[in-house]
Amino acid sequence: MTAIKHALQRDIFTPNDERLLSIVNVCKAGKKKRNCFLCATVTTERPVQVNVVKVKKSDKGDFYKRQTAWALRDLAVVDAKDAIKESPEFDLHFDKVYKWVASSTVEKNTFISCIWKLNQRYLRKKIDFINVSSQLLEESVPSGENQSVAGGDEEAVDEYQELNAREEQDIEIMMEGCEYAISNAEAFAEKLSRELQVLDGANIQSIMASEKQVNILMKLLDEALKEVDQIELKLSSYEEMLQSVKEQMDQISESNHLIHLSNTNNVKLLSEIEFLVNHMDLAKGHIKALQEGDLTSSRGIEACTNAADALLQCMNVALRPGHDMLHAVKQQQQRFSDLREQFARRLASHLNSVFVQQGHDQSSTLAQHSVELTLPNHHPFHRDLLRYAKLMEWLKNTDYGKYEGLTKNYMDYLSRLYEREIKDFFEVAKIKMTGTTREGKKFATLPRKESAVKQETESLHGSSGKLTGSTSSLNKLSVQSSGNRRSQSSSLLDMGNMSASDLDVADRTKFDKIFEQVLSELEPLCLAEQDFISKFFKLQQHQSSSGTTNEAEEMDGGILSRLHTLCVPQTVSSEKDMIRQMMTKIFRCIEPELNNLIALGDKIDSFNSLYMLVKMSHHVWTAQNVDPASFLSTTLGNVLVTVKRNFDKCISNQMKQMDEVKISKKSKVGILPFVAEFEEFAALAESIFKNAERRGDLDKAYIKLIRAVFVSVEKVANESQKTPRDVVMMENFHHIFATLSRLKISCLEAEKKEAKQKYTDHLQSYVIYSLGQPLEKLNHFFEGVEARVAQGIREEEVSYQLAFNKQELRKVIKEYPGKEVKKGLDNLYKKVDKHLCEEENLLQVVWHSMQDEFIRQYKHFEGLIARCYPGSGITMEFTIQDILDYCSSIAQSH
């Protein structure tokens, strides 16, 4: 290590005017790299700079090169890792943390000790030495070369003091006066000694010469002391004289303090009086307005509103401490309280009268709205009452008891008024739906109107059979299926279709229009009333404490008496809850009336549930976009549940009717009634649900219905005795496929493909089964030929078999001349005609498929003759063209 140190000093640090003080052999922690050296150096020139230098051996040779240098003043922390246990690892914190592993703990300790000494000597800055033994920081660097470098040289440097400019100048002058000093130092020193002795003698003489002057100075000091004593005596006499003056000035100061205190108190008292007068004095005009103001005119209402606001400001003024103990303040507060009570009572009485008058005024206009399906407009009443909105806010803030009473009275009066209007409105709607008239009856008394509608609806609901076009069609089709003749069955089917398509369309359109008009009239009525309640009763600005009321409490007469105590709400969770509770009390009859109307529409025609579901869903969606928690949204949502339940019931009834269908055993089946009903239902539903919000409900119903139709068709086909199973399946699935293709219902694409596949399969099955083997003996002959070929006989050798020679083949062919073939095809056509129904018109399709199948068999026979009887010249007695002519003429003749 010593040789390395000398080499580094010689090659690296001496050229840079630096001295190497300590060295440690290290490598980076966690990495397998070549070792390097950390060196602690100082510069030889002043001011001294201390550095930590990283030296690394060059890759191209054995010489060392300087890689990185850090100034010691940039070192922040020296971490030795462990102060007790010896470890070669240590960290130096410069601009970042450098982790090192020394070759030995001795070198690490020596290097850290050197760093500590250099810091103490040159920098005097606070470098944190952590996990370093305290003994290591106190002890000197070990003896040797480091001692001589770090100790002796540095002490010598510390003893040296640089000469200042004046000292340098004096020495230069002295050297100029003694040129010989350079050549003879001893003579120069003797001269300096002699001059120093002369200078000392001169100093002693000067001191002795100044003794006389000292004596004179002492005498002057004694005289001065005497003068000081005389001055002190005079000052004492002056102090006694000033003591009396001080006492008089103290008395004057105390008097001035009392005067200032009195003035301050007067100013404060005046300020308090001005405060009370300015803030607790109500103008006479305001008092007169509160006591006698006109609450019927706009000007009087405005004056009362201003006076009420002024009174509220006087009552709510923040009194300063002690004001409430003044008798005058108590009297004024009592006067304000009396004024508030008097005006609140007068305001509440007036508004109650307005509520009652509103009920009478609206009742007088009911007759003109009874004939038309409209609800009375409450806008004028709301407009008049909104003039009192600020007074209601004042009443809410000052006398919550009366505000609560007014709210309850308003709900009581308005609930009775709206109940009469809404019940009469729904009565007119029911009459228009049923198409009945009320000749000779007047709208004067409500009980008579209710009883009339009740009788009409009961007579309508009392019948056991449903009035839907689909159900009546089903019943008629069921009746006509038991007939004996096809013409009678067709006429009944036509009558049923006329009932479903012509009679019901107008009624359903009429019902849809009336139901939409009912909802369109109810929505603005509820929204207008809710907007008025929030503005008039100021329910948008007040946030009440948490709490809930159950539905029973909302509907009884004491709803608001449990909502709040005086000015402190307790049981309503928010202002929206209070608005919704008031709306529920006022319009409590809307939901039952809507449910009754929906029940009536469902009794009239179960398909009306489709119209109601679409309309109600749209109105619920609109209401929820405005306010999902509003009364209108909640009520319509509850009614929508009932409508959806009726819709599901309608679908279930359709499926139940499919399952209960019975067919006649003596007449052919044709298009099943529930297949026609599904077509009617789908066409109606597609026209109703176009761009509707609840399209998903219809798609689910489609899936249920179509699967039930498929199952029921197969069930009827299996039970059919008059009509072949393949014909029932073919005709009905062709009808279903045609319906789905025409309506283009996206959710039933898979069912449409399935219906087409079933139709195709059963058409093919029926053709093969019905056609069978029209050339039976020829079929048996060629089956034998094919059997011989299958046994291994070559096709051209079959003609040598005794039972299948050319003579036998000609004999079989002669039994099937063209005339017999045509006769067989004509009988087949008549048989197919009896099986198929006229509605679906599949006769020509089936006949064409049979023609193709017959031609396929003919070509098969010709192929066998050509392969097994080559060169024989044997052919059938009719050709393919003959078959085409036979089929065409048979079809035209029928």
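A389 sits in helix α13, which covers residues 389-398; helices here are DSSP runs of H or I with at least four residues, strands are E runs of at least two, and both are numbered from the N terminus. A389 counts as buried because its relative accessibility is 8%, where buried means under 20% relative accessible area, exposed over 50%, and partly exposed in between (1.4 Å probe, protein chains only). Leaving aside residues up to four places away in sequence, A389 touches K535, F536 and K538, a contact being heavy atoms within 4.5 Å. Then there's S534: 145 residues from A389 in sequence, yet 9.9 Å away in space, C-alpha to C-alpha.

Some ground rules before going on. This is a predicted model, where local features need pLDDT of at least 70 and side-chain atom pairs count only at pLDDT 80 or more, while totals for chains, interfaces and linings use all residues. Residues are numbered from 1 along each chain as its sequence is written, and side-chain values use heavy atoms, with hydrogens and water left out.

Stepping back, the protein has 31 helices and 10 strands. Of its 894 residues, 42% are buried. Take the contacts between residues at least 6 apart in sequence, and 71% of them join residues at least 24 apart.

Now for the charges. Side chains of opposite charge can pair when their charged atoms come close. The structure holds 28 salt bridges, each a side-chain nitrogen of Lys or Arg within 4 Å of a carboxyl oxygen of Asp or Glu. One of them joins D91 and K81 at 2.6 Å, N to O. D91 lies in strand β6 (residues 89-93) and K81 in the loop between β5 (77-79) and β6, 10 residues apart. D91 is buried, at a relative accessible area of 3%, whereas K81 is partly exposed at 32%.

K402 and D399 also pair up, at 3.3 Å, N to O, and D399 is buried with a relative accessible area of 11%. That pair belongs to a network of salt bridges linking E341, R345, D399 and K402. Over in helix α28 (residues 806-814), K811 and E808 are three residues apart, so about one helical turn separates them; their side chains form a salt bridge at 3.8 Å, N to O. E808 is partly exposed, at 28% relative accessibility.
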